[in-house]
Amino acid sequence: MIRNIIFDMGNVLLSYDPEICLRHFVEQEADRALIRRELFQGPEWIEGDLGHITDAKRFEGVSRRIPGRLHRELRECVDQWHMCMQPVPGAREFCRYVKEKGYRIYVLSNASNSFYQYFPRFAPLDYFDGVVVSCDIHIIKPDIRIYRYLLDRFELLPEESFFIDDVAENVEGAEKAGISGEVFHGDFEKIKKSAQL
């Protein structure tokens, strides 16, 4: 029997779309492509999620691979990227639904230190029964250790837990830890049926 619902954050609870930031601050598509690749797909992004660097430190590394003429735009994207992080349609209602049904709810997110700045746009941290952010423990999904950490920290049984993530390999990681799950494609009604909530 499922008792615990575990949510990924990005594109499950809050929309993650760096294109919003790129279009806002960077005029030319070729320049957007460069900043997209070097900032949002570069090694510093993973280092931030691992908690090895802060968001503020990302600029230093990425700027070495970006022409000086784009440093102003890069700085804006480094500092303001989470402007895109707004609640996913239906997510608040789904959380309210499962809480009212008596399920405990948790967040398990690959995120950097700025998580604590933007996440309250969705809900206060204490709205959830527990929150684990990768930067705090230096492990990212789909490493099986991050799922085991959440289970151990909150004394959850894997067979009583259901994980929702928009990335298939992260759901597969949860399943390796004994947690059932579903890849989220924007349809909370499908999640209700899959988990029999």
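This is a predicted model: local features need pLDDT of at least 70, side-chain atom pairs count only at pLDDT 80 or more; totals for chains, interfaces and linings use all residues.
Let us begin with the strands: strand 1 (residues 4–7) runs parallel to strand 2 and is joined to it by four bridges. Strands here are DSSP runs of E with at least two residues, helices are runs of H or I with at least four, and both are numbered from the N terminus. Two strands count as paired if DSSP finds at least two bridges between them.

Residues are numbered from 1 along each chain as its sequence is written, and side-chain values use heavy atoms, without hydrogens and water.

Ile5 has Ile105 in strand 2 as its bridge partner. Strand 2 also pairs with strand 3 (residues 130–133), in the parallel sense and over four bridges; there, Leu108 has Val132 as its partner.

How many of the six residues of strand 2 are buried? Five are, so strand 2 (residues 104–109) is largely enclosed by the rest of the structure. Buried means under 20% relative accessible area, with a 1.4 Å probe and protein chains only.

I turn now to two helices. The axes of helix 4 (residues 55–63) and helix 5 (residues 71–80) come within 9 Å and cross at roughly 150°. These axes are lines fitted to C-alpha atoms over the stretch in contact, with angles from 0 to 180 degrees between N-to-C directions. The two helices are therefore roughly antiparallel, a term for angles over 145 degrees.

Residues in contact, meaning heavy atoms within 4.5 Å, include Phe59 and Val62 in helix 4, and Leu74 and Val78 in helix 5.

Key:
Buried means under 20% relative accessible area, exposed over 50%, partly exposed in between (1.4 Å probe, protein chains only). Angles under 35 degrees count as roughly parallel, over 145 as roughly antiparallel, 65 to 115 as roughly perpendicular and the rest as oblique.
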